[in-house]
Amino acid sequence: MAQPVLVGADGSASSLEATAWASKEAALRRAPLRVVHVALRWAYDVPLVPQPAHWGPTAEAACRELLDQAVARAHTAAPSVEVATEVLDGASAEAITTAARNAQLVVVGSRGRSGFAGLLLGSVSRDLAARSPCPVVVVRRPATPHGSEIVVGVTGRPGQDPVLRFAFEEAMRRELPLRAVHAWTHPAVRGPGDMQPLVYDVEEVGQEEARLLAESLAGWRERFPDVPFTEHVVHEHPAKALIDASATAELVVVGAPSRGAVLGSATHSLLHHAEAPVAVVPHTFGHTHQV
């Protein structure tokens, strides 16, 4: 059986939107859906002696009620998807990261409460997107209901094959075109010791950045011949370029930082302001294709 799509539920409207999106995604992937709720027993990740008691029957019933609501929303979005539920214990980011080891995709809402409080603005989303072993999709509310394309941010640096592969596969599943966006603000530093010039020709550098994007995409057209895609090079900050592109996107795909690092400012800004769900893909996800 395919690995499940995992979605976090906390009873908020945002998490219900995320559950509906995750259910449809599971249907596209022919995978089961696993709905999890993180039950925090105290506010901070600090050992207490004696430890607080486990939740009683009232709290347990509340957990079951919110999970039942999520399951109902999942079945409404995709009636044929197999749905399972689970209550996780511990700190939110750590609990979900551990659960993600057995998932092919993690989906969370942009704003939440309880175990997902401050998901977009606080540390949970940053930690999860930076540490998850599989792609993490943050679903904003309201999201673009019927985007006309998939957008992927391309840096031109080595190691982006998993990001590009994920984007092409999502475009293929949805039968949508793919737009590869490469934004630049200064001439790229090509190696150690290189220095950015104080004065440069914008048109000439733009042509060089276009060549860099073309090199990054070399071979992908042959690998996914049924996915039409366009290359878009823009002299703009990457965050603004991707936020602007999200207005017509069904999904925006970007790469995660190296393991253990924090999210970059561009990705963090994108999670704040994107008008479509954002997928953050680890550069180590899956096996790198040779193209």
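**View 1. The whole chain, before we zoom in.** Of the 291 residues in this chain, 47% count as buried. Keep in mind that you're looking at a predicted model. The chain has nine helices and 10 strands. Take the contacts between residues at least 6 apart in sequence: 81% of them join residues at least 24 apart.

**View 2. Helix α5, a mostly covered helix.** This helix has 14 residues, and 11 of them are buried. The buried ones include D161, P162, V163, L164 and R165, and F168 is on that list too. From first C-alpha to last, α5 reaches 20 Å, close to the 20 Å expected at 1.5 Å a residue. Just after α5 comes E175, which takes a positive phi of about 55°.

View 3. Which residues of α6 are buried? They are V205, G206, E209, L212, L213 and S216. Looking down the axis of α6, you'd find these buried residues within an arc of 115°, so they line one face of the helix. Now check the other side of α6: E203, E204 and E215 are exposed there. And what do the buried residues of α6 pack against? Their partners are helix α5 (161–174), strand β7 (178–184), helix α7 (220–223) and strand β8 (229–235).

**View 4. F168 and F229, an edge-to-face pair.** The structure holds four aromatic pairs, and this is one of them. The ring centres of F168 and F229 are 5.4 Å apart and the planes sit at 80°, an angle over 60°, so the pair counts as edge-to-face. This pair links distant parts of the chain: F168 belongs to helix α5 and F229 to strand β8, 61 residues apart. Are these two buried or exposed? F168 has a relative accessible area of 0%, so it is buried. F229 is buried as well, with a relative accessible area of 10%.

**View 5. W220 and F224, a stacked pair.** Next up is an aromatic pair with 6.1 Å from centre to centre and 15° between the planes of W220 and F224. That angle is under 30°, so this pair is stacked. W220 counts as buried because its relative accessibility is 0%. F224, at 8% relative accessibility, counts as buried too. There's also a charged neighbour to spot: R223 lies over the face of W220, at 6.0 Å from the ring centre.

**View 6. Q104, a buried residue in a loop.** Where does Q104 lie? It's in the loop between helix α3 (92–99) and strand β4 (105–109). Its relative accessibility is 13%, which is under the 20% cut-off, so Q104 counts as buried. The side chain of Q104 reaches the backbone oxygen of Q3 at 2.5 Å. Now set aside the neighbours within four places in sequence and see what else Q104 is in contact with. You'll find A2, Q3, P4 and V5, along with R29, A31, C134, P135 and F285.

Terms used
Residues numbered from 1 in each chain as written. Predicted model: local features only at pLDDT ≥ 70, side-chain atom pairs only at ≥ 80, totals over all residues. Heavy atoms only, no water. Buried < 20%, exposed > 50% of the residue type's maximum accessible area, 1.4 Å probe, protein only. Helix = DSSP H or I, 4+ residues; strand = E, 2+ residues; numbered from the N terminus. Arc of directions from axis to C-beta. Contact = heavy atoms within 4.5 Å. Polar contact = N/O pair within 3.5 Å; in protein donor to acceptor, adjacent residues only side chain to side chain. Phe/Tyr/Trp six-rings, centres within 6.5 Å; stacked < 30°, edge-to-face > 60°. Lys NZ or Arg CZ within 6 Å of the ring centre and 35° of its normal. Expected span 1.5 Å × (residues − 1).
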